[in-house]
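Me: Can you walk me through this structure? I'll ask as I go.

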Amino acid sequence: MRVAVTGASGLVGRFLTRGLAVAGHRVETLQGWRLGQPPPLDGCEALIHAAFAHVPGRYRGGEGDDPKGFVALNRDASLRLFEQARAAGVAQAVFLSSRAVYDALPAGTPLPDGTAPAPHSLYGRIKAETEAGLAALARPGFATASIRATGIYGPGAGHKWTGLFADYLAGNPVTPRIGTELHGDDLAAAALLILDRGATGAFNASDLTLDRHDLLAELRRLTDCPHPLPPRADTPVSAMSCERLTAMGWRPGGWPLLRKTLPAMLTSGGS
């Protein structure tokens with residue numbers, strides 16, 4: 001299958017493009033294309049839209065001081081992209097959404113597949129509105145799906161724990177935190193399943209509930225770092241369950257994959 005991927009040069013996009021290529025798909029990375037421009041999609045059978053314009057290093061709060069521009073690029077231009085994809089004969093469109101579509105719900109709320117979006121941040125609202133707009137474009141011959149992904153980890157320049165690892169190894173204070181995480185390879189596996197099955201609708205994609213205390217304990221084991229670990233976080237977590245993906249055979253890697261990945265993350269963070 002010939003698959004176009006937006007945002008292919010980003011950390012998440014690199015996981016997606018590699019996973020597609022390993023599975024035997026022809027990947028079009030749309031080099032030079034930017035949100036808001038007409039996409040070169042002729043001949044593409046599927047589109048994965050992972051591009052997102054934001055202040056560097058921030059998603060929630062990624063609008064900076066330009067919320068109107070943030071909406072125009074990330075919602076309005078994305079919906080035009082999907083319309084253009086359908087007009088170009090693309091048969092499937094998959095949107096990289098976010099767990100942030102639930103961020104107005106109280107901490108500790110169970111989040112099974114099918115939970116209605118309840119966004120609080122502008123980031124979460126844009127993701128939810130783009131999901132809904134894409135779903136409204138679905139027609140016979142144009143299948144649409146969204147992946148509500150939690151935080152993506154994995155090796156690569158500027159990975160999500162670069163600053164955290166540097167602070168801990170330097171002996172700087174680390175704020176306790178607990179959250180949900182998903183390896184980029186597991187995200188790619190979810191996207192592949194959706195494409196291969198022609199699946200539609202919204203899919204939760206999450207794996208580990210991870211306390212920084214436990215993550216940094218693994219780091220200390222690898223490095224013999226003498227610094228004390230931060231205390232465990234005492235806040236409840238709203239963790240997504242992923243019934244729709246697991247019913248299709250999706251099996252994220254859990255702790256074994258995290259442990260396998262950490263050495264590469266130690267050497268790739270600033271490279």
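Me: Which residues of α4 meet which residues of α6?
Reply: From α4, L164, F165, Y168 and L169 meet R212, L215, L216, L219, R220 and T223 of α6. Contact here means heavy atoms within 4.5 Å. Helices (H or I, at least four residues) and strands (E, at least two) are DSSP runs, numbered from the N terminus.

Me: What classes do those residues fall into?
Reply: The contact of α4 with α6 has seven nonpolar, one polar and two charged residues. Ala, Val, Leu, Ile, Met, Phe, Trp, Tyr, Cys and Pro count as nonpolar, Asp, Glu, Lys and Arg as charged, and the others, Gly among them, as polar.

Me: Before I go on, what sort of model is it, and how is it numbered?
Reply: It is a predicted model, where local features need pLDDT of at least 70 and side-chain atom pairs count only at pLDDT 80 or more, while totals for chains, interfaces and linings use all residues. Residues are numbered from 1 along each chain as its sequence is written, and side-chain values use heavy atoms, with hydrogens and water left out.

Me: Back to the helices. At what angle do α4 and α6 pack, and how far apart are their axes?
Reply: Helix α4 (residues 162-170) packs against helix α6 (residues 212-223) at an angle of about 60°, and their axes are 11 Å apart. The axes are lines fitted to C-alpha atoms, for helices over the stretch in contact, and angles run from 0 to 180 degrees between N-to-C directions.

Me: Left-handed or right-handed crossing?
Reply: The crossing of α4 past α6 is right-handed. A crossing is right-handed if the near helix is turned clockwise from the far one by less than a right angle, and left-handed if anticlockwise.

Me: R220 was in that contact. What else does R220 touch?
Reply: Leaving out residues up to four places away in sequence, R220 touches Y168, C225, H227, P228 and L229. The C-alpha atoms of R220 and Y168 are separated by 9.1 Å, with the two residues 52 apart along the chain.

Me: New topic. How many aromatic pairs are there?
Reply: A search of the whole structure finds five. Rings of Phe, Tyr and Trp (its six-membered ring) pair if their centres lie within 6.5 Å; planes under 30 degrees apart count as stacked, over 60 as edge-to-face and the rest as tilted.

Me: What does the pair of F52 and Y123 look like?
Reply: F52 and Y123 are edge-to-face, at 5.3 Å centre to centre and 85° between the planes. The pair links distant parts of the chain, 71 residues apart: F52 is in the loop between β3 (46-49) and α2 (67-87), and Y123 is in helix α3 (residues 122-136). Both F52 and Y123 are buried.

Me: And F82 with F95?
Reply: That pair is also edge-to-face, with 6.1 Å centre to centre and 80° between the planes. F82 sits in helix α2 and F95 in strand β4 (residues 92-98), 13 residues apart. Both are buried.

Me: Which residues form an aromatic cluster?
Reply: F52, F70 and Y123 form one.

Me: Cysteines next. How many disulfides?
Reply: The structure holds zero disulfides, a disulfide being a pair of cysteine sulfur atoms within 2.5 Å. C44 is buried, with a relative accessible area of 4%, and C242 is buried at 8%.

Me: What about the backbone at L30?
Reply: L30 has a positive phi of about 55° although it is not a glycine. L30 lies in the loop between β2 (26-28) and β3 and counts as buried at 9% relative accessibility.

Me: And D224?
Reply: D224 is not a glycine either, and its phi is positive, near 60°. D224 is in the loop between α6 and α7 (243-247) and is exposed, with a relative accessible area of 66%.

Methods. Buried < 20%, exposed > 50% of the residue type's maximum accessible area, 1.4 Å probe, protein only.
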